[in-house]
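Subject: Structure handover

Hi,

Here is the structure you asked about. Please have it open while you read the notes below.

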Amino acid sequence: MSTNRRPRPVPRRAGRNAGQANQNDAAADNIQQLGQTDVPRLDGSLYTINIIGQIEGHMVLPPQNKTTKYEHIIPQLVAVEQNPKVEGLLIILNTVGGDVEAGLAIAELIDTLSKPTVSLVLGGGHSIGVPVSVASDYSYISETATMTIHPIRLTGFLIGVPATFEYIDKMQDRVIRFVVNHSTITEEKFRELMFNVGSLARDIGTVLVGKDAVEIGLIKEVGGLGQAVAKLQALVDQKKGAAVGTS
Amino acid sequence: MILYTIMPPESILEGYDTFKPEYIELDYPGGGKMVIEPLSQSEGRLVRLISPCPDDYLRPENQPGTIISFKPVHP
């Protein structure tokens, strides 16, 4: 470390008290002496990830967009899987959609996470937010939240590849297949909602509000934060009980 | 790349042709990099963390958007 001439980042910690500053100094000493960082201190055993605004993928979006960067979500999911202190994951969604591949990547990781996961759709879980919200073990939607299901090609945006019908159709099939495999909605019903005419003013598709999403089998239950955390805790306890039972 | 979103593309991409952010890379303690958008000589906004250690991503001070102050380290 002493030969390092490059600037070293020191995160600003506004408003922290002296005790925490000492703790941070201790952490810095730890890095300098042992060359390692200590595992982050977690008071609770549940971890939460917000997916808000646009899901940003292969292109950095201009600053007026509020984005969730997938390259930051993915390692967090890896850490959740690997960190023994984390027992369950709560995913809170309020997204307008975003990059298809980034969204599907996040959805696949949430799906294959071995720890219990619960998702909660607040406000909106539109477009690519739909597969992300159904990827968890159990899903909630708040009463007033909406989910828009629409075809990719109409409001989608394409860069770098020829915008052939087949290409976009394939992309759309990936989304549909994921949603159908991870919820109780049938493919026919999902396609019907996707190509519905008359629900959106100038577009094709369907807006589902709160319990509509539950009734058609996309989301498991209408609920809020309390229910979501209680359900996650129950799933964690259930998993612990199963582990005790088998050992 | 395909954007699948309810937002109209023109509002998402507004200013895309003039949007040219400059990023610098700083060493992250423990063997990684921080991609930072400089705001002044000694401060910048964290854009992205590149670290092989997944636990680094769980630290609240490493979330994108955090203001990072940095200073040269003398031998």
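How many helices and strands are there in chain B? Chain B holds one helix and five strands. Helices (H or I, at least four residues) and strands (E, at least two) are DSSP runs, numbered from the N terminus.

Some ground rules. This is a predicted model, where local features need pLDDT of at least 70 and side-chain atom pairs count only at pLDDT 80 or more, while totals for chains, interfaces and linings use all residues. Residues are numbered from 1 along each chain as its sequence is written, and chains are lettered from A and ligands numbered from 1 in the order in which they are written.

Chain B

From the N terminus, the order of elements is β-α-β-β-β-β. The radius of gyration of chain B is 16 Å, whereas a compact globule of 75 residues would have one near 11 Å. That radius is taken over C-alpha atoms, and the globule rule is 2.2 Å times the number of residues to the power 0.38. The C-alpha trace of chain B spans about 50 × 30 × 20 Å along its principal axes. Of its 75 residues, 28% are buried. Buried means 20 or more other C-beta atoms within 10 Å of the residue's own; exposed means 12 or fewer, and partly exposed is in between, with C-beta atoms placed from the backbone. Take the contacts in chain B between residues at least 6 apart in sequence: 20% of them join residues at least 24 apart. Two residues are in contact if their C-beta atoms, placed from the backbone, lie within 7 Å.

Chain A

Chain A has nine helices and twelve strands. It has 247 residues, and 38% of them count as buried. Among its contacts with a separation of 6 or more, 68% are between residues 24 or more positions apart.

Helix packing in chain A

Start with α3(A) (residues 100–112) and α6(A). Their axes come within 11 Å and cross at roughly 25 degrees. Axes are lines fitted to C-alpha atoms, for helices over the stretch in contact, and angles run from 0 to 180 degrees between N-to-C directions. The two helices are therefore roughly parallel. Angles under 35 degrees count as roughly parallel, over 145 as roughly antiparallel, 65 to 115 as roughly perpendicular and the rest as oblique. The contact is made by A:V100, A:L104 and A:A107 of α3(A), with A:M171, A:R174, A:V175 and A:F178 of α6(A). By class, that is six nonpolar, no polar and one charged residues. Nonpolar covers Ala, Val, Leu, Ile, Met, Phe, Trp, Tyr, Cys and Pro; charged covers Asp, Glu, Lys and Arg; the others, Gly among them, are polar.

Next, α6(A) (residues 165–181) and α7(A) (residues 187–194). Here the axes come within 10 Å and cross at roughly 130 degrees. That angle makes α6(A) oblique to α7(A). A:I176, A:V179 and A:V180 of α6(A) meet A:E187, A:F190 and A:R191 of α7(A). This contact has four nonpolar, no polar and two charged residues.

Strand β2 of chain A

Is A:Y47 buried or exposed? A:Y47 lies in β2 (residues 46–56). It counts as buried because it has 22 C-beta neighbours inside 10 Å. Leaving aside neighbours within four places in sequence, A:Y47 is in contact with A:V80, A:V86 and A:L89. With 15 C-beta neighbours inside 10 Å, A:N50 counts as partly exposed.

Best wishes
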